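Some labels given to parts of a structure rest on a value and a cut-off. The questions below ask how such labels are reached.

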Amino acid sequence: MPARAGSAEHAASGCSEAARRVKAAVLAGQTSEARDAFADLVGSYQRQAMRLALYLLRNPSEADEAVQDTFVKVFTHITSYREDLPFEAWFTRILANTCRDRQKAKRRRERWETIGFDRPDQAGSVADRAPAPGLSPEEALLGDERRRELLGAIDTLPRRQRDILLLCHVEGQSPREVGEMTGLTESTVRVHLFRALRKLRTALEAGRVRR
Amino acid sequence: MFAVKRHLDDNLLIRRYLADRGLAALDAQDEAPMRHLAHCAACEARYQTLRAAFEDTREAAAADADAACSEDRLAHQRERIMRRIDALQSGPRVLPFPAAPQHGQGAAQPRVIRRWVAAAAVAGLLVGLGAGRLVFRSGETGSSEVTARRDAAPTLAPARQAPTMRALHVETGVADDQFLSEIELATAAPRTRELRAIYAFTLEESRDVARPVGKD
């Protein structure tokens, strides 16, 4: 976790610098320089953006689209980026709004769709993936089983608690950052996080008892 | 003392976990329970179990996300993003309509047809003007013959001419008697040769017939 947080901080500072370069090039009308600087920005922040979108949308295809849309929005509105603020906060806010719009659109779509089709977010789950190298098939099977249980326990949480748990607990974002992303206050995020962990604990206990 | 009396509940263990992760801060009232945790092996064991479960969950979720962020997927995504950025920079493109003929022979043919149509219209106009002029001249000669014949004819015409407004207007200076007699003459006399027979059968006949009857 500290390694993840450290690399995230490094990436964040690099992103801010790249964003400044993109903005300067766009303002100067240097399109090829702006494009190159933006390619650097995409390369350095893409993975983190994809993970955040995955946590919020729980669907790789939707997350992929959301990340693309977010980067295009960022490029389009790069001149309104305030250089005194970290790029990460600005970016994640745009990403969170894009994900929220997609969730709303998806809910509207699902109202009209027939119930019973395979949900796309369940396709390609951990059980379908190839076992990790260096593990025996039995170990891989048990590991996948355990992982599925853990992810199943996360899925039992209400949506908001689940999002906050994934962003804070898994991704290592601070409650303040998550509050900025989700539009909640920092203390509300802390309360949701605490409740999420308590429910997760109950769900994990229940799973252990069933076994 | 708290440390001796009872063990910690799950809420306190979770708060401790969040504090360890830097996601929450412990306040003054948590000091005693945390001291208990430091001295109670059972609570410490429970805390370690809870911590391990949470860490396993975190790792499972992170692995799940990492599996979805494969290098291949990220490379495709990057490519699509940059393609969209390029499209933004190059501005909107006008796509040719598929059914529209391309420039070349297909486009030249209608232009040639249009030219021929224009040339035919001009030629038709000229021919029409020429023919019109010829017809007009022949008409002029015909009318001159008619006027000559009219001049040569006996002067019966004035009495048989239909009175027109223009004629009435011109003859304002004529005496009233003459004017009235002209009107009478005009109304009494048939204006066209074709109608004379009918006139004779109707007005003249009726007048002739009526007269004896009336006189009788």
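**Labels and their grounds**

In this predicted model, B:Val122, B:Leu125, B:Leu126 and B:Leu129 make a nonpolar surface patch of about 420 Å².

Q: Why is B:Val122 called partly exposed?
A: B:Val122 has a relative accessible area of 48%. Buried means under 20% and exposed means over 50%, with partly exposed in between, so B:Val122 is partly exposed. Its place is in helix H6 (residues 105–152) of chain B.

Q: How many aromatic pairs does a search of the whole structure find?
A: The search finds 10 aromatic pairs over all chains. One of them joins A:Phe38 and A:Phe71, with 6.1 Å centre to centre and 85° between the planes.

Q: How do you know whether A:Phe38 is buried or exposed?
A: The relative accessibility of A:Phe38 is 0%. The cut-off for buried is under 20%, so A:Phe38 counts as buried.

Q: Why is B:Arg16 said to lie over the face of B:Tyr47?
A: B:Arg16 lies at 5.4 Å from the ring centre of B:Tyr47, and the distance cut-off is within 6 Å.

Technical notes. Residues numbered from 1 in each chain as written. Chains lettered and ligands numbered in written order. Predicted model: local features only at pLDDT ≥ 70, side-chain atom pairs only at ≥ 80, totals over all residues. Heavy atoms only, no water. Patch = residues over 30% accessible without salt bridge, like charges linked within 9 Å, V, L, I, M, F, W, Y side chains within 5 Å. Areas by Shrake-Rupley, 256 points an atom, 1.4 Å probe, with all protein chains shown as cover. Salt bridge = Lys/Arg side-chain N within 4 Å of Asp/Glu carboxyl O. Helix = DSSP H or I, 4+ residues; strand = E, 2+ residues; numbered from the N terminus. Buried < 20%, exposed > 50% of the residue type's maximum accessible area, 1.4 Å probe, protein only. Phe/Tyr/Trp six-rings, centres within 6.5 Å; stacked < 30°, edge-to-face > 60°. Lys NZ or Arg CZ within 6 Å of the ring centre and 35° of its normal.
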